[in-house]
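Subject: The structure, and what turned up in it

Hi,

Here is the structure I promised to pass on.

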Amino acid sequence: MIRSTVARVDLDALKRNFVAIRQHLSSEAGQAPPAVIGVVKANAYGHGAPRIALALEEAGATMLACADIEEGIVLRQAGVRVPILVFGALSVSDLDGLFEFSLTPTISSPGAARAVQTAAERHRSSIGYHLKIDTGMNRLGFRHDNLGRTLPELLGSPSLKLEGVYTHFASADMPESPLFHDQRQRFEEAWRVVQALVSASSVRTSKSGPPVIRHACNSAALLRDSRVWFDAVRPGLLLYGIVPPPLATTIELTPVMSLTSRVVAVKGLRPGEGVGYGWRYQASEPRTVAVVPAGYADGVDTRLCGRGHVLIRGHRVPIVGAISMDMLTVDVTSLLEVRPGDEVVLLGSQGQESWQRIDAREMAAAIGTIPWEIVCRLGTRIERQYD
Ligand SMILES: *Cc1c(COP(=O)(O)O)cnc(C)c1O
């Protein structure tokens with residue numbers, strides 16, 4: 001049995017997006033193309049992490065990234081074999097999962113370094129890590145301006161192996177913001193300091209291994225400036241076929257997720273009558289509304305009332321009345337005929353014309369939020385169908 005509201009996840013589109021991004025990254029002459037770290041945190045932005053991760057691995061991703069150890073374990077249990085970078089802070093986590101599931105932690109503070117060091121000793125093993133530098137986000141990471149004081153202990157650790165150095169941009173999607181360039185310069189300077197500290201400490205510990213990689217780009221930064229591609233990039237949104245607003249790109253991307261449902265009832269409203277909780281919509285003339293079994297429990301944002309649209313029979317029709325927990329209503333008066341069973345597209349397309357498509361970016365813009373939120377919040381009750 002399957003509910004009428006389903007999310008279709010097009011794994012071929014995902015793989016094509018991955019390849020298109022990689023092609024774009026090899027376009028810069030005289031620069032070795034960076035590796036692509038596929039970001040699959042938050043259940044792969046609502047798309048379902050296990051299937052997305054395996055498809056990215058198949059497409060050639062050499063590393064994936066998630067938010068915390070628990071997400072990393074889910075990926076390993078799904079059969080992911082490539083290295084998995086955990087972005088989040090580890091200060092209050094149970095660290096055993098890092099060793100048992102061979103995950104790569106981010107070390108973003110001296111305290112986290114000591115905790116991972118202690119856990120490594122307990123597991124009698126060593127572990128590779130990525131070092132996070134805070135260049136201006138002021139969230140996680142070693143401050144860029146006092147690394148000489150905070151890093152030597154970590155870099156001298158016998159059981160912690162530095163494999164990557166990274167930072168995260170706070171305003172890559174704000175073309176006017178000068179912070180982006182400040183962060184880029186701070187990161188380059190931090191890299192020089194790290195290299196100097198590493199060579200100083202390797203004289204003592206004679207550590208050697210594969211070259212340490214540098215990475216900084218989320219989707220927006222990747223689109224914005226090839227100077228910050230470094231050795232690897234970390235797109236999330238672009239992989240799922242969504243371009244971070246307000247940016248544009250020539251990379252050919254297809255939205256990976258579509259969300260469809262079916263009309264379950266059709267109702268006539270007489271003049272003066274309203275529909276749903278609080279009669280948020282009231283008819284001044286005879287109207288026809290269709291009931292769709294998708295509500296805020298499915299992740300449909302309540303602000304779409306009076307602002308969003310869906311597609312039925314190839315036409316755009318407005319969402320009217322309050323979004324309830326399990327259903328919403330749309331005004332179908334303009335359509336000649338609507339019947340229970342008709343397909344309703346909330347995200348996706350229903351025809352070839354550009355107006356016959358609703359994407360996460362449009363839906364986000366209609367309610368003043370960001371497209372990440374639209375896909376991430378898709379409810380757990382909705383089945384993801386993979387094709
Ligand atoms: C989420 C995240 C990304 C990916 O961001 P997008 O904007 O979705 O491309 C990259 N790096 C870090 C550290 C992140 O947390």
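In which loop does Pro-246 lie? Pro-246 sits in the loop between strand E10 (232-233) and strand E11 (257-262). Helices here (H or I, at least four residues) and strands (E, at least two) are DSSP runs, numbered from the N terminus.

A word on the source before the rest. This is a predicted model, in which local features need pLDDT of at least 70 and side-chain atom pairs count only at pLDDT 80 or more, while totals for chains, interfaces and linings use all residues. Residues are numbered from 1 along each chain as its sequence is written, and side-chain values use heavy atoms, with hydrogens and water left out.

**Around Pro-246**

Pro-245 and Pro-246 are joined by a cis peptide bond, with omega at about 5°. Pro-246 is also one of the partners of Pro-175: leaving aside neighbours within four places in sequence, Pro-175 is in contact (heavy atoms within 4.5 Å) with Arg-224, Pro-246 and Leu-247. Pro-175 and Leu-247 are 72 residues apart in sequence, yet 8.4 Å apart in space, C-alpha to C-alpha. Pro-175 itself belongs to the loop between strand E8 (160-166) and H9. Its relative accessible area is 47%, so Pro-175 is partly exposed; buried means under 20%, exposed over 50% and partly exposed in between (1.4 Å probe, protein chains only).

Helix H9 (residues 179-205) also holds Glu-188, which is partly exposed at 24% relative accessible area.

**The domains**

The assignment, which is an automatic or database one, gives domain 1 (10-240) and domain 2 (257-358). Their C-alpha centres lie 42 Å apart.

**Helix H4**

Which residues of helix H4 (residues 69-77) are buried? They are Ile-69, Gly-72, Ile-73, Leu-75 and Arg-76. Seen down the axis of H4, these buried residues fall within an arc of 160° (taken from the directions from the helix axis to the C-beta atoms), so they line one face of the helix. They pack against helix H3 (49-59), strand E3 (63-66), strand E4 (84-86) and helix H5 (96-100). After H4 comes Gly-79, with a positive phi near 105°.

Most residues other than glycine have a negative phi, and most peptide bonds are trans. Asn-43, in helix H2 (residues 41-45), has a positive phi near 55°. Trp-279, in the loop between strand E13 (274-275) and strand E14 (281-282), has a positive phi near 45°. Asn-43 is partly exposed at 36% relative accessibility, and Trp-279 is partly exposed with a relative accessible area of 44%.

**Cavities**

How many cavities of 30 Å³ or more does a search of the whole structure find? The search finds two. On a 1 Å grid over the protein atoms alone, a cavity is a set of points where a 1.4 Å probe fits but cannot get out, and lining residues have an atom within 4 Å of a point. Points are joined across faces, edges and corners, and a volume is the space filled by probe spheres set on them.

The largest cavity has a volume of about 110 Å³. Of its 14 lining residues, the closest to the centre are Gly-299, Val-300, Asp-301, Met-363 and Ile-374. The second largest cavity has a volume of about 40 Å³, and its lining includes Lys-132, Asp-134 and His-168.

Best wishes

Terms used: 1 Å grid on protein atoms, 1.4 Å probe; cavity = no way out; pocket = protein on both sides within 12 Å on 5 of 7 lines; lining within 4 Å.
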